Amino acid sequence: MAAEIARWLTPWEPLYWLIALFAIVAACYVRGLARRRRARDVLPAIAFFVGLASMYAVMQTYVDYYAQYMFFIHRAQHLILHHLGPFLIALSMPTAVLAAGAPLWLSRGMRGLGALPPVAGLYRVLQHPVISAALFVGLIYFWLWPSVHFTAMLSARDYWLMNLSMAVDGLLFWWFMLDPRRPGATPTTYSIGLRIIVLWAVMPPQIAIGAYIALAPDTVYDVYAVCGRAFPISPIVDQQLGGLITWIPAAMMSVVATLILLRLGFVHDRSTASPTEPAVTASRPDERQTV
Amino acid sequence: MNHRLPRRLFVVFALAATALLAACSGGEPEYNAHDIEGVMPDLAFNLTDENGNAVEADDYDGRLKLLFFGYTNCPDICPATMARIRAALGGLDDTTRENIDVLFVSVDPERDDPERLAQFTSSFGPRFVGLTGSQEQLKALSKRYRVTYGYGEPNDNGFYLVSHSSAIFVFGPEGKARLLVNQEQSVDALRADLKKLLERVD
């Protein structure tokens with residue numbers, strides 16, 4: 001049993017700097033929670049840790065082995081890296097807790113880095129609604145382009161470039177989408193309506209590529225036959241499952257995010273209408289810092 | 001608050017996208033197969049050959065090497081691929097052919113002992129060598145080339161399927177990774193690639 005657990009926890013391809021990064025973020029967050037001791041941190045903390053742990057699990061445990069040798073598990077891995085994990089992390093608004101837990105030099109350093117004009121400028125460009133949507137969909141299409149996908153699964157360097165670019169873009173996109181501050185609070189806090197348009201704009205292309213893969217009569221990605229599968233399974237079933245994962249849950253995330261944004265808009269409206277009665281469920285706009 | 005992105009940023013993005021496309025399209029590919037030079041590491045392994053001797057990659061130095069992962073009970077891909085390689089080699093002259101080794105690595109050591117491997121490879125010709133090893137040795141070699149294998153559930157007769165890579169990996173005389181040949185490539189295209197590789201080597 002213990003051996004089995006150890007086998008699952010051992011990274012298939014260890015990236016020590018990545019493990020260290022996850023450990024530092026988790027340690028800062030736990031320390032922040034301990035310092036703040038606020039009951040209202042509990043739910044966000046759960047979302048944060050589920051998001052962080054799921055992203056870690058699909059990259060630095062034995063799950064990665066299956067993701068490399070099974071198309072549908074690879075699609076599930078990207079669903080977590082690009083959608084679910086970053087979504088939960090952004091939803092938990094971890095900046096304040098992380099800042100409370102990080103050593104002073106680190107939180108100061110990060111704030112200083114974010115304030116540098118080139119960094120702030122690049123961030124503003126990446127979070128522009130059109131560019132953000134184009135990157136979100138563009139990366140999915142780019143890495144699923146059959147010839148690109150072929151090389152990415154064969155080259156260790158490209159494989160990690162693919163996974164990490166999905167993770168970073170996922171964080172950027174959902175950070176932009178789920179920003180709880182009042183629209184206009186920062187240059188990258190766009191109106192709720194605009195954000196919902198972006199959420200719905202990224203849905204049809206994801207449905208299209210997912211449906212294309214799921215319904216394709218022939219093999220679209222031969223690299224899984226080239227590399228061998230983790231266990232014998234019909235290539236077409238593998239592909240159909242992968243297509244469905246790209247198609248349905250990925251698009252569903254836009255619907256879920258829309259509901260969250262509608263609620264957020266409602267909270268903003270209500271707190272404007274009756275300023276004396278603070279919206280208890282409102283997110284903590286003051287605590288969120290610009291990256 | 002500035003929600004409008006300056007026009008020049010769009011220009012920068014358009015230029016970047018064009019540059020990326022230009023970089024990706026590149027020139028005419030030299031080989032029919034995928035060129036994996038520099039993408040994959042040099043050939044290295046510790047295995048047992050069909051005569052029961054421990055062998056290393058260095059033992060095959062000086063010749064072009066075609067590496068294939070399979071198992072002798074394989075109902076389709078392995079015999080078909082071996083037959084394709086035999087056909088491709090058949091069109092070469094004797095001296096050229098003698099500069100090529102075909103390494104058939106069985107990932108099913110449970111059933112494929114050296115004797116059985118020798119029987120399997122002998123039906124394809126003298127250039128074919130059967131290799132296998134412990135799970136540890138096989139895992140090390142397959143992971144090195146980012147391929148894998150797995151075993152299905154045995155049926156009532158104890159027969160089980162093995163999933164494995166369907167590609168032929170081609171290595172240069174010094175063990176440098178050169179080409180990856182997949183199932184779609186024709187015998188003629190494979191032969192042309194091998195000829196070209198040997199010419200460049202000489």
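Hi everyone, let's start with a helix pair: in chain A, the axes of helix 9 (residues 129-144) and helix 11 (residues 156-177) come within 10 Å and cross at roughly 155°. Axes here are lines fitted to C-alpha atoms, for helices over the stretch in contact, and the angles run from 0 to 180 degrees between N-to-C directions. Helices (H or I, at least four residues) and strands (E, at least two) are DSSP runs, numbered from the N terminus.

Before going on, a word on what you are looking at: this is a predicted model, where local features need pLDDT of at least 70 and side-chain atom pairs count only at pLDDT 80 or more, while totals for chains, interfaces and linings use all residues. Residues are numbered from 1 along each chain as its sequence is written, and chains are lettered from A and ligands numbered from 1 in the order in which they are written.

Back to our pair. With that crossing angle, helix 9 of chain A and helix 11 of chain A are therefore roughly antiparallel to each other. The cut-offs for that wording are under 35 degrees for roughly parallel, over 145 for roughly antiparallel, 65 to 115 for roughly perpendicular, and oblique for the rest. Helix 9 of chain A passes helix 11 of chain A in a left-handed crossing, meaning that the near helix is turned anticlockwise from the far one by less than a right angle; clockwise would be right-handed.

Who makes the contact? From helix 9 of chain A we have Ser132(A), Leu135(A), Phe136(A), Leu139(A) and Trp143(A), and from helix 11 of chain A we have Met162(A), Ser165(A), Met166(A), Asp169(A), Leu172(A), Phe173(A) and Phe176(A). Contact means that the two C-beta atoms, placed from the backbone, lie within 7 Å. Sorted by class, this contact has nine nonpolar, two polar and one charged residues. For the classes, Ala, Val, Leu, Ile, Met, Phe, Trp, Tyr, Cys and Pro are nonpolar, Asp, Glu, Lys and Arg are charged, and the others, Gly among them, are polar.

Helix 9 of chain A has another partner to show you. Its axis and that of helix 13 (residues 203-215) of chain A come within 10 Å and cross at roughly 20°, so helix 9 of chain A and helix 13 of chain A are roughly parallel to each other. Here too, helix 9 of chain A makes a left-handed crossing as it passes helix 13 of chain A. Val137(A), Ile140(A), Tyr141(A) and Leu144(A) of helix 9 meet Pro205(A), Gln206(A) and Ile209(A) of helix 13. That contact has six nonpolar, one polar and no charged residues.

Now, how do the chains meet? On the chain A side, 18 residues are in contact with 23 residues of chain B. Helix 14 (residues 223-227) of chain A gives the most to that side, with three residues. By class, the side of chain A that touches chain B has 12 nonpolar, four polar and two charged residues.

Over to chain B, which has six helices and 10 strands. Buried residues make up 36% of its 202 residues; buried is 20 or more other C-beta atoms within 10 Å of a residue's own, exposed is 12 or fewer, and partly exposed is in between, with C-beta atoms placed from the backbone. Of the contacts in chain B with a separation of 6 or more, 72% are between residues 24 or more positions apart.

Leu117(B) sits in helix 4 (residues 114-122) of chain B and counts as buried because it has 26 C-beta neighbours inside 10 Å. Leaving out residues up to four places away in sequence, Leu117(B) touches Glu50(B), Thr72(B), Ser106(B), Asp112(B), Gly130(B) and Thr132(B).

Asp42(B) is exposed, with 12 other C-beta atoms within 10 Å. Asp42(B) and Gly172(B) are 130 residues apart in sequence, yet 9.0 Å apart in space, C-alpha to C-alpha.

Is each one buried or exposed? Arg37(A) counts as exposed, with 7 C-beta neighbours inside 10 Å, whereas Arg146(B) counts as buried, with 22. Thanks, everyone!
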